[in-house]
Amino acid sequence: MKDNQSKYSVAIIISVGLHVVLLVLLGLSATSTPLKPQPKVKTIQAVVVSEQAVKQHAERIKRTEQEKRRKEQQRLQQAEDRIKKLNQERRQKEAAIAKAKDQQLKAEQAAKRAETKRAEKEVERKLAEAAAVKAEQRRLKKVEERKKAEAATKKAEQQRAKKELERKKSEQAAAAADKKRKAAEEKERKRQAAVVAENKRKKAEEAKQERKRQEAEKKRVAEQKRKAAEKERQRLAKVERDRQERLMQEQIEAEFASELESEIQQLDAVRQQEVLSEVDKYQARIQSSIQRNMLTSDAMKGKSCALNIRLSDSGLVLSVTSGKGDSIVCRAGVNAVNKVGSLPMSTDPDVASKLKNINLIFRPEI
């Protein structure tokens with residue numbers, strides 16, 4: 001504005017100077033050329049008219065200059081108003097973009113939490129199914145064992161009845177044979193003397209008692225052997241069932257433990273990936289926040305600095321130190337972090353634990 005005013009002032013002075021020179025030349029020509037005597041009043045009037053013309057011309061130039069200055073000021077004011085409006089619109093757009101990003105981040109976090117809960121419920125469902133399968137297997141095994149025991153009992157009962165029938169038949173046959181023998185002995189006895197007959201009868205009676213005793217002993221020994229054999233068979237069967245059941249139980253538990261370990265590892269891997277992804281996002285936001293608050297210069301172009309930043313649970317900057325890198329960039333980076341005061345911090349404990357002590361390679365955007 002001052003340059004324009006000085007230019008216009010010079011133009012006015014030059015214009016006035018030209019008019020003065022013109023008047024001087026007219027005066028000289030008037031004195032050197034013989035003219036008819038003119039009234040003195042008219043000459044004075046001509047000079048007055050020329051000065052008024054010069055003043056009017058100067059006034060027009062001044063008004064033109066003032067009008068130009070007024071239009072220039074109006075144009076500059078309009079430009080400033082437009083710049084303010086554009087800055088306001090840019091801030092509104094940035095706020096809208098930040099809000100949209102925050103909403104998107106919350107939605108992604110909610111989706112991830114829902115997926116984690118679904119996976120946990122799936123694990124619980126599989127555990128419940130495995131427990132139900134084990135319970136059903138135990139129930140079926142008990143039913144099978146009960147049926148086997150009933151069948152064994154029934155078979156033993158049938159064998160015992162069969163042996164009892166055979167014993168009775170044997171006793172009846174023995175009794176019939178003994179009856180015949182007695183009849184023959186009786187005939188022989190009658191034929192012999194009474195004493196001899198009595199002795200024979202007594203011997204026969206003793207022999208009968210001995211046979212009964214021997215048969216009873218045989219039956220007792222046989223029953224003991226049968227019971228011992230049955231007991232041993234039941235013991236061996238139980239040992240075998242216990243072994244089979246233990247092997248099956250160990251196999252089921254091993255398979256279940258393997259499946260559970262695999263699912264847990266998959267969930268841990270997904271969780272670690274989610275945490276690392278969130279850490280990368282927040283580190284990018286932290287880089288951006290530092291960049292916005294950093295004073296840069298062309299001397300920083302292509303240079304970098306390693307920064308170590310310690311944050312509280314809320315994102316408050318506890319300390320910032322610089323490591324290897326350009327001293328100017330390091331100093332500007334530390335100042336920018338201290339100027340921010342508080343950096344973006346995740347509400348996820350796992351992500352926050354990795355953001356409390358972060359190391360960044362900071363490169364100014366020039």
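Mentor: Along its sequence, the protein chain follows the pattern α-α-α-β-β-α-α-β. The model is predicted: local features need pLDDT of at least 70 and side-chain atom pairs count only at pLDDT 80 or more, while totals for chains, interfaces and linings use all residues. Residues are numbered from 1 along each chain as its sequence is written, and side-chain values use heavy atoms, without hydrogens and water.

Trainee: What makes a stretch of the protein chain count as one of the helices or strands?

Mentor: Each is a DSSP run numbered from the N terminus: H or I over at least four residues gives a helix, and E over at least two gives a strand. The protein chain has 5 helices and 3 strands.

Trainee: Why is Glu278 called buried?

Mentor: Buried means under 20% relative accessible area, exposed over 50%, and partly exposed in between, with a 1.4 Å probe and protein chains only. Glu278 has 4% relative accessibility and therefore counts as buried. Glu278 is found in helix α3. Apart from neighbours within four places in sequence, Glu278 is in contact with Leu105, Gln109, Lys112 and Val351. Across the protein chain of 366 residues, 14% are buried.

Trainee: What makes a set of residues a nonpolar core?

Mentor: The members must be buried Ala, Val, Leu, Ile, Met, Phe, Trp, Tyr or Cys residues, joined through side-chain atoms within 4.5 Å. The largest such core here has 28 residues, of which Ile286, Ile290, Met294, Ile309, Leu311, Leu343 and Leu355 touch the most other members. At least two residues of this core come from each of α3 (194-292), β1 (305-311), β2 (317-325), α4 (327-340), α5 (349-355) and β3 (357-362). Helix α4 supplies the largest share, 6 residues.

Trainee: Which residues are in contact with Ile286, leaving aside its neighbours within four places in sequence?

Mentor: They are Leu311, Leu343, Pro344, Ile358 and Leu360.

How values were computed:
Contact = heavy atoms within 4.5 Å.
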